[in-house]
Amino acid sequence: MSTDTPTPSAPPTGSAALLGDPGAPPPAAPPAGGAPPAPPAAPPAAGDGAPWYGGIENAEVKGWIEKKGWRTIEDAFASHHGLERMLSSEKIPVPKNESDAAAWNALYKAVGRPDDVAGYGLDKVEGLDPAAAGKLAEIAHANGLSVKAVQSIIAFDQERMQSATQAAETAFVQQQQVDGQALRQEWGQAYDAKIAAAGAALRQFGLDAQTLDALDRSIGMKRTLSIFADIGAKLGEAPAHGMSGGGNADAFMTPAQADARITSMKADPETAKRLYNGDAALRSELDRLTRIAVGAGSA
């Protein structure tokens, strides 16, 4: 709708004036001499300074034409013709609905989807499981993904997996350090003997580094070494290390075990009576157990 204020039209003249206003005066008679009245002036020609689109009433359309800079109507038609040629040569059909397979395929092809799943080249991606690669290619092709889009997805997933692997490896190394410190604290002076016992058991069973690494990742280094230290001690394969007196059995006694033994001795009335009466053998054993029990804090 035009926003221009309409220009009041000139009142009708001649016979038409009588149709609009019954009280209007009749048409003027021709002057004496029979000469007809002069005709009304013709509208200005296109070349007289008025724009060629001056007769268009829609102000918005006028403004659009002015911005385009079309100086003649031929310029406007030439522009429209060029646009039509461009659209007709590169136009992509818009699918009518989900079942418009032909239009969807044309659209997918236009945006870069390969002709078949092999076109993605996922079988050449290093580290990608063949079964997963095949399934991914099928999903990508069914959903119209371009080769570039799928390559971007693969690159993102590989970066994500690499970051996750690095984070897991860092956490594993840190946990091994925590386990080592926990074993030193728990085993106290028996640490060296128990480590030697664990090593002897591992050698006897023929376990390799790869198997041990898998065990550490599965149940933890602390649990793995504790199990094989107990096996080695029972097999009697490892000698005592760093211990003076007490025999080989003492080398495998942990502070917790020594403390439990002390508690048991003091709770037994007969043992307590013998200690009170100065039993040298029991006093020596108690001293030995005490050294083992407090060794956790100095190891």
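Begin by selecting Trp64, Trp70, Ala76, Phe77 and His80, which lie nearest the centre of the largest pocket, a site lined by 11 residues. A pocket is, on a 1 Å grid over the protein atoms alone, an open set of points where a 1.4 Å probe fits, with protein on both sides within 12 Å along at least five of seven lines; lining residues have an atom within 4 Å of a point. The structure is a predicted model, in which local features need pLDDT of at least 70 and side-chain atom pairs count only at pLDDT 80 or more, while totals for chains, interfaces and linings use all residues. Residues are numbered from 1 along each chain as its sequence is written, and side-chain values use heavy atoms, with hydrogens and water left out.

Next, colour helix H2 (59-68) and helix H3 (73-90), the elements that give two or more residues to the lining of this pocket. Helices here are DSSP runs of H or I with at least four residues, strands are runs of E with at least two, and both are numbered from the N terminus. H3 provides the largest share of the lining, 6 residues. By class, the lining comprises 8 nonpolar, 2 polar and 1 charged residues; Ala, Val, Leu, Ile, Met, Phe, Trp, Tyr, Cys and Pro count as nonpolar, Asp, Glu, Lys and Arg as charged, and the others, Gly among them, as polar. The space in the pocket is about 210 Å³, a volume filled by probe spheres set on grid points that are joined across faces, edges and corners.

Now select the largest nonpolar core, whose 11 residues include Leu183, Trp187, Tyr191, Leu202, Met221 and Phe228. Such a core is a set of buried Ala, Val, Leu, Ile, Met, Phe, Trp, Tyr and Cys residues joined through side-chain atoms within 4.5 Å. Helix H6 (147-187), helix H7 (191-205) and helix H9 (221-235) each supply at least two of its residues. A second, separate core has 8 residues, among them Ile262, Leu275, Leu282 and Leu286.

Return to helix H6 and pick Val173. Is Val173 buried, partly exposed or exposed? Val173 is partly exposed, because its relative accessible area is 34%, where buried means under 20%, exposed over 50% and partly exposed in between (1.4 Å probe, protein chains only). A C-alpha to C-alpha distance of 9.9 Å separates Val173 from Arg217, 44 residues apart in sequence. Ala149 is also found in helix H6, and is partly exposed at 29% relative accessibility.

Finally, view the whole chain. The protein has 13 helices and 0 strands, and 23% of its 299 residues count as buried.
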